[in-house]
Amino acid sequence: VEESLGDKTEFDVVQGMKKMGTYAHPNFSTNDKLEIMATDVPILVIAGNVFDSHKVVNDFNALKRIADDMLKNGFNQLAVIAEKYTLDVMNYALGNKMKGIFFFYLLKTPALQPEEIEDMAIYTGAKLLDQNKPNAWKNYDWRDLGKAQKLIVTKEYINIHGGNGSE
């Protein structure tokens, strides 16, 4: 159940977790409806001021390191849930997707509260990556990622089904 400022009450029953958010760019969509539909997808959940301009080089290299490690271990897709992304990160992710090398699904959640971001990490079993902590990326590796059996992303919502964590 989500709160609103209106006088109308609506209920939307879903399995799993449904949060406000969308893809960072329409080219991340996987179908004609401009949705992302992915199964058995590893998930990286990031809190804090993500890929801030003064941290871009370190963060960008860390994301590349995680993707490279995943490829070496037989994974070729990753959903990243964060508030926002730099153009460099977007170009890197879209370039990999277009070449068919690695499929990034960059999801943005600008309206979510920190507790809601943490809930997504708990539900997927991901170790929350907190950008506000020094050296947040230093010890983070692909085994810290969460996972979902099914990920559906529309222009308005992120739906996560069958997370590997707890509810």
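This is a predicted model: local features need pLDDT of at least 70, side-chain atom pairs count only at pLDDT 80 or more; totals for chains, interfaces and linings use all residues.
**Ground rules.** I number residues from 1 along each chain as its sequence is written.

**Overall layout.** I looked up the secondary structure and found three helices and eight strands. Both are DSSP runs numbered from the N terminus: helices are H or I with at least four residues, strands are E with at least two. I read their order from the N terminus as β-β-β-α-β-α-β-α-β-β-β.

Next I checked burial, where buried means under 20% relative accessible area, exposed over 50%, and partly exposed in between (1.4 Å probe, protein chains only). Of the 167 residues, 45% are buried.

**Salt bridges.** I searched the whole structure and got two salt bridges. The term stands for a side-chain nitrogen of Lys or Arg within 4 Å of a carboxyl oxygen of Asp or Glu.

My entry for Glu 116 and Lys 19 reads 3.7 Å, N to O. This pair joins distant parts of the chain, with Glu 116 in helix H3 (residues 114-124) and Lys 19 in strand E1 (residues 17-20), 97 residues apart. I noted Lys 19 as buried, at 12% relative accessibility.

In the other entry, Asp 141 bridges to Arg 143, with their closest N and O atoms 2.7 Å apart.

**Aromatic rings.** I then turned to the rings and found three aromatic pairs. Rings of Phe, Tyr and Trp (its six-membered ring) pair if their centres lie within 6.5 Å; planes under 30 degrees apart are stacked, over 60 edge-to-face, and the rest tilted.

Phe 75 and Trp 142 make a tilted pair, 5.5 Å centre to centre with 50° between the planes. I placed Phe 75 in the loop between helix H1 (56-72) and strand E4 (77-82), and Trp 142 in the loop between strand E6 (129-130) and strand E7 (146-153). Phe 75 is partly exposed at 28%, while Trp 142 is buried at 18%.

Tyr 92 and Phe 104 are tilted too, at 5.5 Å and 55°. I logged Tyr 92 as buried at 19% and Phe 104 as buried at 0%. Together with Phe 102, Tyr 92 and Phe 104 form one aromatic cluster.

Methods. Side-chain values use heavy atoms; hydrogens and water are left out.
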